[in-house]
Amino acid sequence: MSTRIAFLKGHGTENDFVIVPDPENALDLTPAAVAALCDRRAGIGADGVLHVVRSAAHPEARDMAGEAEWFMDYRNGDGSIAEMCGNGVRVFARYLQHAGHVAEGDTSIATRGGVKTVHIAKDGDVTVGMGSARLPEGDVTVSVGERSWPARNVNMGNPHAVAFVDDLAHAGDLLAPPPFSPAAAYPDGVNVEFVVDRGPRHVAMRVHERGSGETRSCGTGACAVAVAAARRDGADPAVTGTLATYTVDVPGGRLVITERPDGQIEMTGPAVIVAEGEIDAEWLENAVR
């Protein structure tokens with residue numbers, strides 16, 4: 001390991017990330033190392049790590065190298081691996097632009113949830129093609145304290161439970177994962193969104209992200225919320241034949257989610273690089289012992 005490791009810090013609607021450029025996949029980013037980097041008191045601090053690797057250099061992405069040069073090897077703040085992160089894809093794209101790897105316009109990024117199409121606009125917003133949602137059958141319930149709500153099971157490449165509530169405060173502190181049932185619905189855990197209405201096709205949400213706790217934003221969660229709201233409102237584009245666009249307010253800002261009649265979902269929002277520097281490799285090695 002080199003003496004110093006380059007990093008950047010970025011966020012999308014305040015869902016923040018440590019970005020580690022590693023084109024040839026030379027770094028051994030263990031779960032403990034990721035958790036140390038994301039520690040908000042003893043490390044850099046973030047909701048997760050965006051490990052930037054060429055698809056051809058990563059065993060999980062080689063099959064996608066023909067479609068996307070770059071692979072987003074995303075890790076949650078506790079070091080666990082995640083299939084996808086919508087805000088992360090936008091920030092990843094902004095990094096690629098910042099580093100001169102891509103320009104404004106369209107590009108593709110490989111993720112564990114498949115290849116995502118991205119458009120970098122002149123106004124600074126980034127739109128990500130998030131694929132389509134899957135809606136597994138079966139009733140799901142989530143709970144906080146003595147309150148329980150029915151939840152919509154939505155899979156956006158990662159699992160979500162979307163509960164419509166009367167007050168976002170009912171979600172509690174979201175420090176621990178909200179209990180859910182049945183356990184078989186989410187064998188690997190779940191991201192839980194609590195949602196209130198703000199107006200026509202306008203909602204607000206809080207989220208407990210699996211492996212990270214409450215975050216200021218969750219891109220896949222916002223998509224799951226928009227899909228669940230559209231089904232609740234009788235606005236399923238596959239049925240109506242028209243676009244369903246929802247504004248989703250998150251604690252860190254605002255995202256716009258559009259679902260098309262063919263089921264494809266697009267998410268638009270900001271992505272910002274705020275700093276760059278170097279990680280001391282000796283510190284990182286000591287931090288994971």
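The questions below concern a predicted model.

Q: Why is C38 called buried?
A: Buried means under 20% relative accessible area. C38 has 5% relative accessibility, so C38 counts as buried.

Q: Why is C85 called buried?
A: The same cut-off of under 20% applies. The relative accessible area of C85 is 4%, so C85 is buried.

Q: How many disulfides are there by the distance rule?
A: A disulfide needs two cysteine sulfur atoms within 2.5 Å. By this rule the count is zero. For C38, the nearest cysteine sulfur belongs to C85 and is 11 Å away, and C38 is in no disulfide. For C85, the nearest cysteine sulfur is that of C218, 6.6 Å away, and C85 is in no disulfide either.

Q: What makes helix 3 largely enclosed by the rest of the structure?
A: Of its 14 residues, 12 are buried, so helix 3 is largely enclosed. Among the buried residues are G219, C223, V225 and A230.

Q: How do you know that the span of helix 3 agrees with its number of residues?
A: Helix 3 covers residues 219-232, and at 1.5 Å a residue its 14 residues should span 20 Å. The end C-alpha atoms are 20 Å apart, which agrees.

Q: What lines the largest pocket?
A: The lining has 14 residues, and T117, G129, M130, Q264 and E266 lie nearest the centre. By class, five are nonpolar, six polar and three charged. Strand 6, strand 7 and strand 17 each supply at least two residues of this lining.

Note on methods:
Residues are numbered from 1 along each chain as its sequence is written. This is a predicted model: local features need pLDDT of at least 70, side-chain atom pairs count only at pLDDT 80 or more; totals for chains, interfaces and linings use all residues. Side-chain values use heavy atoms; hydrogens and water are left out. Helices (H or I, at least four residues) and strands (E, at least two) are DSSP runs, numbered from the N terminus. The expected span of a helix is 1.5 Å times one less than its number of residues. Buried means under 20% relative accessible area, exposed over 50%, partly exposed in between (1.4 Å probe, protein chains only). On a 1 Å grid over the protein atoms alone, a cavity is a set of points where a 1.4 Å probe fits but cannot get out, and a pocket is an open set with protein on both sides within 12 Å along at least five of seven lines; lining residues have an atom within 4 Å of a point. Ala, Val, Leu, Ile, Met, Phe, Trp, Tyr, Cys and Pro count as nonpolar, Asp, Glu, Lys and Arg as charged, and the others, Gly among them, as polar.
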